Amino acid sequence: MILFTNAKAGTHDAQTLDRVAELLRDAGREVTVCPCVAPDDLDAALDKDREAVVVAAGGDGSINRLVSTLHRRGELDRTVGLLPMGTGNDLARNLGIPLDPDAAVRLLLDGGHRELDMIVDEDGRVTLNAVHVGIGASAAESATRFKSTLKVAAFPLGAVIAGLRHSGWRQRVEADGELVAEGKFLMVALSNAPGIAGGSAQLAADAHPGDGKLELVVSAATGPIARIAYALRLRDGSHRYRDDVLHTTARKVTISGQEFRSNSDGEVSGPYTSRSWTLHPAAWRLIAPPRPA
């Protein structure tokens with residue numbers, strides 16, 4: 001088993017990782033801890049052992065980096081594990097992976113595998129949870145500076161700041177080749193899982209990361225009061241019942257129009273004037289609890 005971690009992680013994370021490695025060794029597992037600094041550190045470790053279970057010790061960015069690397073290498077048949085040590089831990093929350101390190105270790109030792117979908121854009125960028133265009137990307141940028149002090153509370157604060165600054169973007173949205181929305185939108189989001197922002201919002205309450213469907217949410221709640229109402233209802237997932245929100249499913253989504261930035265699993269990129277994303281069903285496998293019945 002290879003545990004990949006950010007070499008710049010703090011002392012607390014390093015102590016947790018050392019304890020986790022010892023627990024796994026005590027259970028009879030051979031464990032290599034790989035602190036990654038340079039971009040090719042992950043590739044080098046994967047080259048050394050092509051049979052080991054590979055575990056991301058970190059948050060959504062860490063697991064995304066690991067799966068993205070396996071995707072690029074054509075090695076998505078490898079078994080992946082997750083030790084949640086991030087701020088939001090959206091993937092772990094959505095799949096029921098324990099945030100407690102001891103419980104997460106027990107899952108790594110005894111848990112089964114789940115085949116999961118992933119979202120891939122035209123440049124090969126991988127998304128495991130959700131892609132946000134519009135207010136979601138702006139909120140992620142605003143939250144970044146508060147993460148180190150406020151932790152999960154940084155996400156709703158970032159959303160408030162973004163909501164005060166922006167009233168929408170003019171865009172065209174196509175789903176599976178058909179035009180489904182065109183106009184000024186507060187948010188266009190593609191979700192592979194229900195919860196985002198550290199569990200503070202239920203973007204697509206019915207979504208499952210392995211159901212072969214991409215949830216598409218388009219919000220035209222651009223007025224001052226509408227933006228507040230939308231944000232409040234986003235917390236419990238009832239935003240999808242608003243008259244100014246489109247909620248549907250697709251396998252491929254294209255967004256074009258006014259220049260926008262994109263937030264993919266917490267990483268903001270762009271600007272773009274056009275972007276497409278395609279769902280890849282059952283593309284990778286993760287040690288996780290079984291899907292609830």
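# Briefing: loops, helix packing and selected residues

Asp 265 is located in the loop that runs between strand β15 (252–264) and strand β16. The model is predicted: local features need pLDDT of at least 70, side-chain atom pairs count only at pLDDT 80 or more, and totals for chains, interfaces and linings use all residues. Residues are numbered from 1 along each chain as its sequence is written, and side-chain values use heavy atoms, with hydrogens and water left out.

**Overall figures**

- The protein has nine helices and 16 strands.
- Of its 293 residues, 52% are buried; buried stands for under 20% relative accessible area, exposed for over 50%, and partly exposed for the range in between (1.4 Å probe, protein chains only).
- Contact is taken as heavy atoms within 4.5 Å. Counting contacts between residues at least 6 apart in sequence, 71% link residues at least 24 apart.

**Backbone geometry**

- Asp 265 has a phi near 50°, a positive value in a residue other than glycine. Its relative accessible area is 9%, which means that Asp 265 is buried.
- Asn 89 also has a positive phi, near 50°, and is not a glycine. Asn 89 sits in the loop between β4 (79–84) and α4 (90–95). With a relative accessible area of 8%, Asn 89 is buried.
- The peptide bond between Gly 270 and Pro 271 is cis, with omega about 15°. Pro 271 belongs to strand β16 (residues 267–287).

**Ser 269 in β16**

- Strand β16 also contains Ser 269, which is buried at 10% relative accessibility.
- The side chains of Ser 269 and Tyr 272 form a polar contact of 2.7 Å. A polar contact is a pair of N or O atoms within 3.5 Å; within protein, one must be able to donate a hydrogen and the other to accept it, and residues adjacent in sequence count only if both atoms are side-chain atoms.
- Beyond its neighbours within four places in sequence, Ser 269 contacts Arg 125, Arg 261 and Ser 262.

**Helices**

- Helix α2 (residues 41–48) and helix α3 (residues 60–73) have axes that come within 11 Å and cross at roughly 65°. The axes are lines fitted to C-alpha atoms, for helices over the stretch in contact, and angles run from 0 to 180 degrees between N-to-C directions.
- The crossing of α2 past α3 is right-handed. Handedness is left if the near helix is turned anticlockwise from the far one by less than a right angle, and right if clockwise.
- From α2, the contact involves Leu 42, Asp 43, Leu 46 and Asp 47; from α3, Arg 65, Leu 66, Thr 69, Leu 70, Arg 72 and Arg 73.
- These contact residues of α2 and α3 comprise four nonpolar, one polar and five charged. In this scheme Ala, Val, Leu, Ile, Met, Phe, Trp, Tyr, Cys and Pro are nonpolar, Asp, Glu, Lys and Arg are charged, and the others, Gly among them, are polar.
- Asp 100 caps the N-terminal end of α5, with a side-chain oxygen 3.2 Å from the backbone nitrogen of Asp 102. Buried residues in α5 (residues 101–110) include Pro 101, Ala 103 and Leu 107.

**Cysteines**

- The whole structure has zero disulfides, a disulfide being a pair of cysteine sulfur atoms within 2.5 Å.
- For Cys 34, which is in no disulfide, the nearest cysteine sulfur is that of Cys 36, 3.8 Å away. Cys 34 is buried at 10% relative accessibility.
- Cys 36 is likewise in no disulfide, and Cys 36 is buried at 5% relative accessibility.

- Glu 174 lies in strand β8 (residues 169–175) and is partly exposed, at a relative accessible area of 22%.
- Glu 174 and Thr 254 are 80 residues apart along the chain, yet their C-alpha atoms are separated by 5.1 Å. Residues up to four places away in sequence aside, Glu 174 touches Leu 179, Val 180, Lys 252, Val 253 and Thr 254.
- Arg 240 is in the loop between α9 (224–234) and β14 (245–250). The relative accessible area of Arg 240 is 19%, which counts as buried.
- Side chain to side chain, Arg 240 makes a polar contact with Tyr 241 (3.3 Å). Not counting residues up to four places away in sequence, Arg 240 touches Ala 205, Asp 206, Val 245 and His 247.

Definitions and conventions:
Helices (H or I, at least four residues) and strands (E, at least two) are DSSP runs, numbered from the N terminus.
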